[in-house]
Amino acid sequence: MVSTSPRPRRRGFTMIELLAVVLIIGVLATIAAVKLNTSKRHAYISAMKADLRNLASSAESRFAMDGSYANVAVPQGSAGVSLSMVLGVTEWSATATHVNAPGMTCTLSVGGAADLTGRNEPVCQ
C-alpha cells in the first residue's frame, strides 16, 4: 500500500547553510579588523606629525626672539607620543615615536644640511 500523504517538511537550517553564514561573518569581521588597525595606525601617525608641527612652531618662535635654536625646550607630546630633539644654533632636527606604532618614526629637520627639500614637513617611515 502506497501512502498518499505528503512527506513531513523539515524545519530549520542545514549544517552547510549555518557553516556558510558563519564563514561569511568571519570574513567580514576580518576585513573590519584590518580596516580598524589601518585607521588606528593613521591616527597615530597624524598625532606624531601634529606634535612635530607644534614643536616646529615653538622652535621658530624661539628663533625669532633669540636668533638661535639653542634654548628651545622640547614640549610634551600628546598621549603616547615621545619627542626628541637635536639642537644647533641655526638648525634642529626632531623625532617622534608612538607607543602603539612600533617601528614607525616621524622626523622633521630645519636648517643645515638636513633641510635640503625646504618643505619643512614631517616625514614618516
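The model is predicted: local features need pLDDT of at least 70, side-chain atom pairs count only at pLDDT 80 or more, and totals for chains, interfaces and linings use all residues. Residues are numbered from 1 along each chain as its sequence is written, and side-chain values use heavy atoms, with hydrogens and water left out. The chain contains one helix and four strands, arranged from the N terminus in the order α-β-β-β-β. Helices (H or I, at least four residues) and strands (E, at least two) are DSSP runs, numbered from the N terminus.

**Overall features**

- Of the 125 residues in the chain, 22% are buried; buried means under 20% relative accessible area, exposed means over 50%, and partly exposed lies in between (1.4 Å probe, protein chains only).
- The chain has an accessible surface of about 9200 Å², and carbon and sulfur atoms account for 61% of that surface. Accessible areas come from the Shrake-Rupley method with a 1.4 Å probe, and for residues only the protein chains shown count as cover.
- Among contacts in the chain with a separation of 6 or more, 35% are between residues 24 or more positions apart; a contact means heavy atoms within 4.5 Å.

**Helix α1**

- Helix α1 covers residues 15-66.
- The 52 residues of α1 should span 76 Å at 1.5 Å a residue, and the end C-alpha atoms are 76 Å apart, which agrees. The expected span is 1.5 Å times one less than the number of residues in the helix.
- The buried residues in α1 are Y44, I45, M48, D51, L52, L55, A56 and A59.
- The cover over these buried residues includes β1, β2, β3 and β4 (123-124).

**Nonpolar core**

- The largest nonpolar core comprises 20 residues, and M48, L52, M85 and W92 have the most contacts inside it. At least two residues of this core come from each of α1, β1 (81-87), β2 (92-98) and β3 (105-110). Helix α1 gives the largest share, seven residues.
- Such a core is a set of buried Ala, Val, Leu, Ile, Met, Phe, Trp, Tyr and Cys residues joined through side-chain atoms within 4.5 Å.
- Apart from neighbours within four places in sequence, L52 contacts L83, A94, T95, A96, C106, T107, L108 and P122.

**Surface patch**

- L23, I24, V27, L28 and I31 make a nonpolar surface patch of about 490 Å², and I24 belongs to helix α1.
- Patches consist of residues with over 30% relative accessible area and no salt bridge; like charges are joined within 9 Å, and nonpolar side chains (Val, Leu, Ile, Met, Phe, Trp, Tyr) within 5 Å.

**Salt bridges**

- The structure holds two salt bridges, each defined as a side-chain nitrogen of Lys or Arg within 4 Å of a carboxyl oxygen of Asp or Glu.
- E121 is in the loop between β3 and β4 while R53 is in helix α1, so the pair ties together parts that are 68 residues apart in sequence.
- E121 is partly exposed at 38% relative accessibility, and R53 is partly exposed with a relative accessible area of 39%.
- D66 forms a salt bridge with R62, and the closest N and O atoms are 3.1 Å apart. Both residues lie in helix α1, four residues apart, about one turn of the helix.
- D66 counts as partly exposed at 41% relative accessibility, as does R62 at 30%.

**Surroundings of E60**

- E60 is located in helix α1 and is partly exposed, with a relative accessible area of 32%.
- Leaving aside neighbours within four places in sequence, E60 contacts Y69, W92 and V110.
- E60 and V110 are 50 residues apart along the chain, and their C-alpha atoms are separated by 9.4 Å.
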